[in-house]
Every structure is written in structure tokens, then in C-alpha cells.
Amino acid sequence: MSGAIDPDAADIAYDLLSAIIAEYSSLIALAEPADAERLRTERARYIQERQTLGTADPERLRTILAEYPAVLASVRVGE
């Protein structure tokens with residue numbers, strides 16, 4: 001897919017990544033040590049992605065906006 005992307009897409013993607021990170025942090029706070037380490041590793045991926053997020057890659061933004069709401073939902077239910 002090519003073409004223009006909503007100018008607010010980067011902000012929305014950033015907020016979505018932040019929500020995922022926050023959910024992982026909540027799970028980590030309640031987890032047993034072995035589970036907490038696994039969750040920290042999973043969370044690190046989203047932290048790295050948020051740190052490198054920009055508007056220069058519209059396809060990446062589209063992917064985040066299309067796929068990460070489901071990620072957020074699955075983290076919220078502890079899957």
C-alpha cells in the first residue's frame with residue numbers, strides 16, 4: 001500500500017505502543033520472577049519500536065495501526 005497517511009498516524013502509533021508498554025509493565029509488576037523476565041523481553045521489543053518510530057516510514061505506521069490494537073487487546077487479557 002502506498003500514498004499519504006494521516007498526519008496524526010505517528011502520534012496514534014506512539015500512543016498505541018505506549019499503551020502496550022504500560023500493559024506489559026502492569027503484568028510485570030504482578031508476575032512471578034520467571035514470567036516477569038519473559039514479559040520484560042517482550043516489552044523491550046515495543047520500547048525499541050517506540051524509540052525508533054517516525055513519520056519517514058508510512059508502511060510501518062500502517063502496520064502498527066492495523067495490527068497492534070490486537071496486540072494491545074491480547075496483552076490486556078494476559079495472553
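**Exercise 1. Which residues does Glu49 touch, not counting residues up to four places away in sequence?**

Keep in mind that this is a predicted model.

Step 1: Glu49 sits in helix α2.

Step 2: list its partners. Leaving out residues up to four places away in sequence, Glu49 touches Leu17, Arg60, Ile64 and Tyr68.

Step 3: check burial. Is Glu49 buried or exposed? Its relative accessibility is 13%, and the cut-off for buried is under 20%, so Glu49 counts as buried.

**Exercise 2. Work out how α1 and α2 are arranged, and say who meets whom.**

Step 1: get the geometry. Two packed helices are described by the angle between their axes and the distance between the axes. For α1 and α2, the axes come within 9 Å and cross at roughly 165°.

Step 2: classify the angle. Angles over 145 degrees count as roughly antiparallel, so α1 and α2 are roughly antiparallel to each other.

Step 3: The crossing of α1 with α2 is left-handed.

Step 4: look at the contact. On the α1 side, the residues include Leu17, Ile20 and Tyr24, while the α2 side includes Leu39, Tyr46 and Glu49. Sorted by class, this contact has eleven nonpolar, two polar and five charged residues.

**Exercise 3. Find the largest nonpolar core and trace one of its residues.**

Step 1: size it up. The largest nonpolar core holds 19 residues, and Ile20, Tyr46, Ile64 and Tyr68 have the most contacts inside it.

Step 2: see who contributes. The elements giving two or more residues are α1 (9-30), α2 and α3. Top contributor is α1, with nine residues.

Step 3: zoom in on Ile64. Which residues does Ile64 touch, not counting residues up to four places away in sequence? They are Ala13, Leu16, Leu17, Glu49, Leu53 and Pro69. Glu49 from Exercise 1 turns up here, and Ile64 is on Glu49's own list too.

How values were computed
Residues numbered from 1 in each chain as written. Predicted model: local features only at pLDDT ≥ 70, side-chain atom pairs only at ≥ 80, totals over all residues. Heavy atoms only, no water. Core = buried A, V, L, I, M, F, W, Y, C linked by side-chain atoms within 4.5 Å. Buried < 20%, exposed > 50% of the residue type's maximum accessible area, 1.4 Å probe, protein only. Helix = DSSP H or I, 4+ residues; strand = E, 2+ residues; numbered from the N terminus. Contact = heavy atoms within 4.5 Å. Axes fitted to C-alpha atoms, helices over the stretch in contact; angles between N-to-C directions. Parallel < 35°, antiparallel > 145°, perpendicular 65-115°, else oblique. Left-handed = near helix turned anticlockwise from the far one by under 90°. Nonpolar A, V, L, I, M, F, W, Y, C, P; charged D, E, K, R; others polar.
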